[in-house]
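Here is a short briefing on one protein model. Read it with the coordinates open.

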Amino acid sequence: MVLNVVVVQDRISRKLDELVGDVKETGKMFDVLLNEFNSTDSLEEVNSVILSDSTVFGRFPEVVLIKENVKKAKVPIDVSPSLYGTDTVLDALKGFSVVGVDTSEILPSAHMFPSFLLVNVGVQGIRYGSSLHVEDSVPFIYTSADLKREARKGGYRITSTWSVESKRWKCQFNILRDICSKFSDPVFVLFDESFSLGYLGARSVDERKAVVESFVEVMKCFRDLRVVPIGVFYTRSSALCASLIRGLFCKDKSCCKDCVAEARSKGELDKLPCEEMLMKDSTLIDRFVDFGWRSMVFQVLNRVTREHDLEIYGFYLKVGGGNVLRVEFPSWALRWVEQIGIVVLGQACLGGGYPYVLERAHEQAYISYSERNWVYEYVSKLLREKYGLDLKISRKELRKRRGIV
């Protein structure tokens, strides 16, 4: 079975108007919101409106609280997009200890028995201005018995759903604890993931609990080690935009719930400001700031951060035309916000638009298709030699691997 190219071409052509709308995204309503934003002298009123209306969380999956009374700030590096990877960037990073970390996994599967989890952690560390350089990948393997024991110990149920994120955080810390001890503090560690954990919102209570507990434990250990953890990622979130609309343009509305109910009764939901103005934060920032500038610092509020009292701060950073990164860190790392901006922008310049150490860490962590097969074959080999047993693979999985003749 192969992709029907002719049908795909036809159906994409029919949807082209909607696709181009998603790319353009902004229209005249962007200018309305931007003018409202620019004419505001203080952003404190945004916070007061958000905090006074609990129904805002029913309207938006994520909002923010403004933690810095500036609308944007220049990252103190004298670079331009044409200077990617030059000595100017290296000079700006001189004296910084920067580490990138990433993971790749072989997940437990219902199609194979015995079941296990393999987490491969890749790291890249550099002390700029010195010869100190660390590059490594370290695998961790957990059996189903290991995972069940931890589930019982933590007091949560994990049966067919495995809390991979929980193990990932612990594996990363085990490697970083040793790696970071080789560098002068503070060590700035970049992760290719969100610290506000919004993706857990749809998970079960047990899974959220398991991941958040691991995350909080690791963050506390980082703080004690003078390691500054930084989440760097791309996002489709509209949290900042939603807060600006609610806190500025709709500040006189009593609450989101009543406003939506009234519009629905009139059949005018599509005319609400939060429908007409809402756009991705990255689109807003791309239009609002120049290369090398960042947004104000904000605190992220979503189901997970509110449920577990997580204080996660962040900002958006423009590292090129149409290239906007979201940068997150625990609230206690706010004292290093200027250095965080320098590190992320400098790394993005060295990496051609995305942090260099994260690209290298990903290369170290990546598990190829052939390597995955080798792991399965090696497990099967050991089982045969010691117990006379083979790794059991379902017929469905075998067909996916071999194809159907």
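**Briefing: pocket, rings and backbone**

Helix H14 (residues 303-307) gives the most to the lining of the largest pocket, contributing three residues. The model is predicted.

**Largest pocket**

- The largest pocket holds about 260 Å³ of space.
- Its lining counts 17 residues. Nearest the centre of the pocket lie Pro61, Glu62, Gly198, Tyr199 and Asn302.
- By class, the lining of the largest pocket has six nonpolar, seven polar and four charged residues.

**Aromatic pairs**

- The model has 14 aromatic pairs.
- In one of them, Trp169 and Phe191, the ring centres are 5.3 Å apart and the planes meet at 40 degrees, so the pair is tilted.
- Phe215 belongs to helix H9 (residues 205-224) and Trp169 to helix H8, so the pair ties together parts that are 46 residues apart in sequence.
- Phe215 is buried, as is Trp169.
- Ring pairs join Trp169, Phe173, Phe191, Phe195, Phe215 and Phe222 into a cluster.

**Charges over rings**

- Lys72 lies over the face of Phe288, 4.9 Å from the ring centre.
- Arg335 lies over the face of Trp336, 4.4 Å from the ring centre.

**Helix H13**

- Is helix H13 (residues 281-288) largely enclosed or open? Six of its eight residues are buried, so the rest of the structure largely encloses helix H13.
- The buried residues of H13 are Asp281, Ser282, Thr283, Leu284, Ile285 and Phe288.

**Loop between H8 and S7**

- Lys182 lies in the loop between H8 and S7.
- Is Lys182 buried or exposed? Its relative accessibility is 51%, so Lys182 counts as exposed. The cut-off for exposed is over 50%.
- Lys182 touches Leu132 and Val134, leaving aside residues up to four places away in sequence.
- The C-alpha atoms of Lys182 and Ile393 are separated by 43 Å. The two residues are 211 residues apart along the chain.
- Pro186 is in the loop between H8 and S7. A cis peptide bond joins Asp185 to Pro186, with omega about 0 degrees.

- Which loop holds Leu197? Leu197 lies in the loop between S7 and H9.
- Phi of Leu197 is near 55 degrees, a positive value in a residue other than glycine.
- At 0% relative accessibility, Leu197 counts as buried.
- Arg226 lies in the loop between H9 and strand S8 (227-233).
- Phi of Arg226 is near 60 degrees, again positive in a residue other than glycine.
- Arg226 has 32% relative accessibility, so Arg226 counts as partly exposed.

Conventions:
Residues numbered from 1 in each chain as written. Predicted model: local features only at pLDDT ≥ 70, side-chain atom pairs only at ≥ 80, totals over all residues. Heavy atoms only, no water. Buried < 20%, exposed > 50% of the residue type's maximum accessible area, 1.4 Å probe, protein only. Helix = DSSP H or I, 4+ residues; strand = E, 2+ residues; numbered from the N terminus. Phe/Tyr/Trp six-rings, centres within 6.5 Å; stacked < 30°, edge-to-face > 60°. Lys NZ or Arg CZ within 6 Å of the ring centre and 35° of its normal. 1 Å grid on protein atoms, 1.4 Å probe; cavity = no way out; pocket = protein on both sides within 12 Å on 5 of 7 lines; lining within 4 Å. Points joined across faces, edges and corners; volume = space filled by probe spheres on them. Nonpolar A, V, L, I, M, F, W, Y, C, P; charged D, E, K, R; others polar. Contact = heavy atoms within 4.5 Å.
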